[in-house]
Amino acid sequence: MKIQGRMFIWLSVFILAMAIVYGVWSKEPAGTTALFLAFGLAIMIGFYLGFTARRVDAGAQDDKNADVADDAGEVGFFSPHSWQPLSLAVGGALAFLAVAIGWWLMYFSAPLILVGLWGWVFEYYRGENRTQ
């Protein structure tokens, strides 16, 4: 993680330099603002990765003599099946469609989003997946 943090910090320095050059040269506010926002995003990610790297053990990517196999192992737990993302996707699509068509469509999308969120959060507290 230490390497990724440094990469994002250097990327943010580059984006900041390009934002200043672009802003002075073009005098165009939209692109300059976008570049400064990209700088903010890159610096936040770099700071987070650097801060987290100090709190966790060094990974294989931090060792210059590591092999690819040294980073193998369990990545995490992933749900084998779930219908909740479908409910969230349909609710989210209807919510964005409500902006284009009419706000009345939000009455149909909000319950779908709430049901999807509630089901996803409590998916492993009830039903057949309770023991996982």
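Trainee: What covers the buried residues of α1?
Mentor: The cover includes α2, residues 29–55. Keep in mind that this is a predicted model.

Trainee: Which residues of α1 are buried?
Mentor: G5, S12, I15 and A19.

Trainee: And what do the buried residues of α2 pack against?
Mentor: They pack against α1. The buried set in α2 is G31, T32, A42, G46, L49, T52 and A53.

Trainee: How does the length of α1 compare with what is expected at 1.5 Å a residue?
Mentor: α1 runs over residues 2–26, which is 25 residues. Its first and last C-alpha atoms are 36 Å apart, close to the expected 36 Å.

Trainee: Let me pick one residue. Where does I20 lie?
Mentor: I20 lies in helix α1. T32 is 12 residues away from I20 in sequence, and their C-alpha atoms are 7.7 Å apart.

Trainee: What follows α1?
Mentor: K27, with a positive phi near 55°. K27 is not a glycine, yet its phi is positive.

Trainee: Where is K27 placed?
Mentor: In the loop between α1 and α2. K27 is exposed, because its relative accessible area is 67% and exposed means over 50%.

Trainee: Switching to the whole chain. How many helices and strands are there?
Mentor: There are 4 helices and 0 strands. Along the sequence the pattern reads α-α-α-α.

Trainee: What radius of gyration does the protein have?
Mentor: 22 Å. A compact globule of 132 residues would be near 14 Å. The C-alpha trace spans about 50 × 50 × 20 Å along its principal axes.

Trainee: How much of the protein is buried?
Mentor: Buried residues make up 20% of the 132. The accessible surface comes to about 10400 Å², and carbon and sulfur atoms hold 71% of that.

Trainee: What share of the contacts comes from residues 24 or more positions apart?
Mentor: 58%, counted among contacts with a separation of 6 or more.

Trainee: Which domains does the assignment give?
Mentor: Domain 1 covers 1–60 and domain 2 covers 83–122. Their centres, taken over C-alpha atoms, are separated by 33 Å.

Trainee: On to the later helices. Where does W103 lie?
Mentor: In the loop between α3 (84–100) and α4 (106–121). W103 counts as exposed, because its relative accessibility is 58%.

Trainee: How far is W103 from M18?
Mentor: Their C-alpha atoms are 40 Å apart. Along the chain the two are separated by 85 residues.

Trainee: I also spotted a proline. Which helix holds P111?
Mentor: α4. P111 is partly exposed, with a relative accessible area of 42%. From P111 to L88 is 9.8 Å, C-alpha to C-alpha, and 23 residues in sequence.

Trainee: Now the rings. How many aromatic pairs turn up?
Mentor: A search of the whole structure finds 4. In one of them, the ring centres of W118 and F122 are 4.6 Å apart.

Trainee: Why is the pair of W118 and F122 called tilted?
Mentor: Because their planes stand at 50°. Under 30 degrees would count as stacked and over 60 as edge-to-face.

Trainee: Which residues do ring pairs link into a cluster?
Mentor: W118, F122 and Y125.

Trainee: Is W118 buried or exposed?
Mentor: W118 is exposed, with a relative accessible area of 56%. F122 is partly exposed at 30%.

Trainee: Great, that covers my list.

Notes
Residues numbered from 1 in each chain as written. Predicted model: local features only at pLDDT ≥ 70, side-chain atom pairs only at ≥ 80, totals over all residues. Heavy atoms only, no water. Helix = DSSP H or I, 4+ residues; strand = E, 2+ residues; numbered from the N terminus. Buried < 20%, exposed > 50% of the residue type's maximum accessible area, 1.4 Å probe, protein only. Phe/Tyr/Trp six-rings, centres within 6.5 Å; stacked < 30°, edge-to-face > 60°. Domains from an automatic or database assignment. Rg over C-alpha atoms; globule rule 2.2 N^0.38 Å. Contact = heavy atoms within 4.5 Å. Areas by Shrake-Rupley, 256 points an atom, 1.4 Å probe, with all protein chains shown as cover. Expected span 1.5 Å × (residues − 1).
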